[in-house]
Amino acid sequence: MTGIITAIVVLLGIIALVQIVRIFEISREVSKTDSNAVSERDNDTQGKLLLAVMIIGIIGFFYSFYAWGGITLPKPASEHGVDIDNLWDITMGVIILVFLITQPILFYFGYKYRGIKGRKATYYEHNNKLELIWTLVPAVVLAGIILYGLSTWVEITFPDTEEDPMVVELYGKQFGWTARYAGEDNQLGYANVRMIEGINVLGIDASDQASVDDIVVTELHLPVGRPVMLKFRAQDVIHSAYLPHFRVQMNCVPGMVTQFQFTPTVTTAEMATDPDVVRNVTEINEIRAAAGEDPYEFEYVLLCNKICGAAHYNMQMKIVVEEEEAYNKWLAEQKTFAESL
Amino acid sequence: MSSTDTHSHEEHHHEETFITKWIFSQDHKMIGKQFLVTGIVMGLIGVVMSILFRLQLAWPEQSFPILESLLGKWAPDGVMDPNIYLALVTIHGTIMVFFVLTAGLSGTFSNLLIPLQIGARDMASGFLNMLSYWFFFASSVIMVASLFVESGPAAAGWTVYPPLSALPQAMPGSGMGMTLWLVSMTLFIVSSLLGSLNYIVTILNLRTKGMSMTRLPLTIWAFFVTAILGVLSFPVLVSAALLLLFDRSMGTSFYLSDIMMASGELLPNQGGSPVLYQHLFWFLGHPEVYIILLPALGITSEIISTNSRKPIFGYRAMVGSILAIAFLSFIVWGHHMFVTGMNPFLGAVFTFTTLLIAIPSAVKAFNYITTLWKGNIQFTPAMLFSIALVSTFITGGLTGIILGDSALDINVHDTYFVVAHFHIVMGLSAIFGLFAGVYHWYPKMYGRMLNKNLGYVHFWVTFVAAYGVFFPMHFLGLAGLPRRYYTNTAFPMFDNLAEINVIISIFAIIGFAAQLVFLFNFFYSIRRGPKATQNPWRSNTLEWTTPVEHIHGNWPGEIPEVHRWAYDYSKPGMEEDFTSQITPLKEWEEEESH
């Protein structure tokens, strides 16, 4: 039934278009003018439309920040995240400024110089000085952005080696995450997919002394303020460990180990009281209540951010950042690898 | 010289049969039209797919009977299966990037315009040109056929990263569908190479008398550089695809190492690197962005100049920036790989080279704007689409400064911020360029005019809907929403994004409806549109000196000689506001270096 209705609607649409076009053609024959040539009136209408759409667009631009600015990720929960967000704010400031200068000029020129019969355009084919200016100015601005960006990048990717970070492995497979703590020796035991057997889901080499105190868990707990070196592995296809609140992302690639070091600075409990988070959680819970779903409490989360198969959209792990004490208590409750065998 | 030319032209005239004229044509104008119509059909398929997955994203749990009737077993009870969702985004990307914006855009206009604008009877090799189209056609047929195989089409994303794409056990789409994808792409690359070589040779060798390189219209410069990019980068994709085929069917381990499937199956492969594939892929993948974008920029340079009734501002700078962008495009591929675990030092180098591209891009944007300044703008639909291109080129280019910065990329990599960025800068800009080109050269292609008022409707709805779709996506990315998620309902933290998703999908459906207006206008006007005059836009370039009726060999008599550059619009001292390239210099005129 819907098929027939759709077909009828499409057919009627086409007939309507044919009729509209026929009207154009007949009116052209009647008035003996070429209705397909762009007339002065067209130029006037289209020029004014450009101006109007630009103004509405700019209003929409600001309104979107007002309406949706709040849904963006809350303040960073890691040390380097603050640097990234500062760099973000400055770069974003520059590009928004350029956007707000160039777009209005583009559309305004369209409006201002809309064609008028008899007027002749100005023959102006080049101006080396002008062109030099708008090559050099972007170059200088970009040099600043590049330098600032690279210094941030280097700080993030070449972290202080004296910090002695706690080593934790994140392990991805279709479609879930596992974490492994290095234990007291802070060294992960050797592991390879060829050694996966039974409950040894990460393929840890039991004969490697470093593996004895490793702790395998399905929920990631991190002590606040302590540097963490995340090591990433994948079992089947590429996954990407994405920890948006910490501004951390790294691919997990089968056959190799990747890494990312960072320091969490805000506990889950603290973040849950952040005004932005409170506002968003309230909003989310209103939506959930309307749909008859359980209320949501803020939590940090690890997502998969590299397409990995059917359930890619639901590959997640809870992350808890807590005080050292609570963390130690939680960790003591977990079985070591040797104990679990 | 002239007598042989006329002679050969007459010789051709007798030989045409139905098959040589309409099917296995070696005439560049016909081949251009073949590329265009095939591109439009593929584009329709690609856009319908995007509407289907937008339905899923906006109303994830809702049942749509249309989904079941279109997708069958992949949408039981009208709700899409996650596997077909991934297949739809994959094939949407593949079709739009390669079949529409590469073949449909560059294939159409390079073929149509290169001989006409440089003053040649045809391409250097009409036969290779014909082969180029038919390889493209075969490749399109195979890609479409892959939609109907039992295990579904390729679904590992348009970049088809192994191991996901290499292992049929990893997802159904990596079965037969993936093999067909690779075969189709290989044929596509053959087509692209045959075309590109032909374009390069033709431009270098067959320019008419007086048509020096510095008198070439910017369209030709753009097509020329695009062809060089294609010839240098597409073969690398062939190698990536071949190695992937070997890994899939011959047990090699180029991209595979230490893999155990979720089922417990341990694969024997050892020593390969999935990251190798990404390097090979993006070595094409990034120049590919400019293979798509440069022809669109060339087309709009021409249209903006013509319709502003002014010379393009800074011709040499425009050529220089095309060359600079093309050169840089080969040394920036790593910016797609900042979070792959690639050495951070390399990340720094790629950040540097990537952000440099903003300089020539800025020059282009400023030069476009200055071309409008003090013009006498004629708002044809082509001109409106060209202005829209400049707008999206600026918007999308600016967010590129964010994504090209490795430190900033960490947190928005693979989120909807990226989806927004590349759809605006590459997707919209190129498609606007394509539309601009179709509206502008339709009279040259079909001898008739497109309906102007339908063109205006098409433009305004498309333009507003396009920003309506892609601008809000930035916010989804800033909220941390990853791309290629079948639904975001698995994470309560994204529950408040549902509203934006609905808005985006509604704009997408409105935008789609506008394309139906275009389709109607296009096919209706082929037979019923008002007859075109020889030079409807009062343009300077050579294609408007050929007769409206297509003839083999393009010019009935001698090929005209060129006396000036293509941009003498509103030149002081001239009676008309345009001066065709074939107009000899007046005594008082000096040959200027532009």
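A residue is called buried here if 20 or more other C-beta atoms lie within 10 Å of its own, exposed if 12 or fewer do, and partly exposed in between, with the C-beta atoms placed from the backbone. By that count, 64% of the 594 residues of chain B are buried, while in chain A buried residues make up 36% of 341.

The model is predicted, and local features are described only at a pLDDT of at least 70, with side-chain atom pairs counted only at 80 or more, whereas totals for chains, interfaces and linings use all residues. Residues are numbered from 1 along each chain as its sequence is written, and chains are lettered from A and ligands numbered from 1 in the order in which they are written.

**Stop 1: confidence**

Colour the model by pLDDT, which is the predictor's confidence in each residue on a scale from 0 to 100. Chain B averages 93, and 97% of its residues score at least 70. Now select residues 1-12 of chain B, where the pLDDT is below 50 and where the model has nine contacts beyond near neighbours in sequence; two residues are in contact if their C-beta atoms, placed from the backbone, lie within 7 Å. Where pLDDT is low, the predicted coordinates should not be read in detail. For the complex, the predictor gives an ipTM of 0.93 and a pTM of 0.94.

**Stop 2: chain B**

Along its principal axes, the C-alpha trace of chain B spans about 80 × 50 × 50 Å.

Next, select B:Leu164 and B:Phe385, which touch the most other members of the largest nonpolar core, a group of 271 residues. Such a core is a set of buried Ala, Val, Leu, Ile, Met, Phe, Trp, Tyr and Cys residues joined through C-beta atoms within 7 Å. Helix 5 (residues 82-118) of chain B gives the largest share of this core, 22 residues. Another core, of five residues, lies apart from it and includes B:Leu454, B:Val517, B:Phe518 and B:Phe520.

Which residues of chain A are in contact with B:Leu164? Leaving aside neighbours within four places in sequence, the contacts of B:Leu164 include A:Val237, A:Ile238, A:Ile307, A:Cys308 and A:Gly309.

**Stop 3: chain A**

Switch to chain A, which has eight helices and ten strands. A compact globule of 341 residues would have a radius of gyration near 20 Å, but chain A has 30 Å, and its C-alpha trace spans about 95 × 65 × 40 Å along the principal axes. Colour domain 1 (38-115), domain 2 (126-158) and domain 3 (165-340) of chain A separately; these bounds come from an automatic or database domain assignment. The centres of domain 2 and domain 3 of chain A, taken over C-alpha atoms, are separated by 38 Å.

**Stop 4: where the chains meet**

With both chains shown, select the contact, which takes 102 residues from chain A and 110 residues from chain B. On the side of chain A that touches chain B, the largest share, 15 residues, comes from helix 4 of chain A.

**Stop 5: backbone details**

Most residues other than glycine have a negative phi, and most peptide bonds are trans. Zoom in on A:Gln174 and A:Phe175, which are joined by a cis peptide bond with omega about -10 degrees; A:Phe175 is found in the loop between strand 1 (166-173) and strand 2 (176-181) of chain A.

Is B:Arg484 buried or exposed? B:Arg484, whose phi is positive at about 60 degrees although it is not a glycine, is buried, with 21 other C-beta atoms within 10 Å. B:Lys374, with a positive phi near 60 degrees, counts as partly exposed, with 18 C-beta neighbours inside 10 Å.

Note on methods. Helix = DSSP H or I, 4+ residues; strand = E, 2+ residues; numbered from the N terminus. Rg over C-alpha atoms; globule rule 2.2 N^0.38 Å.
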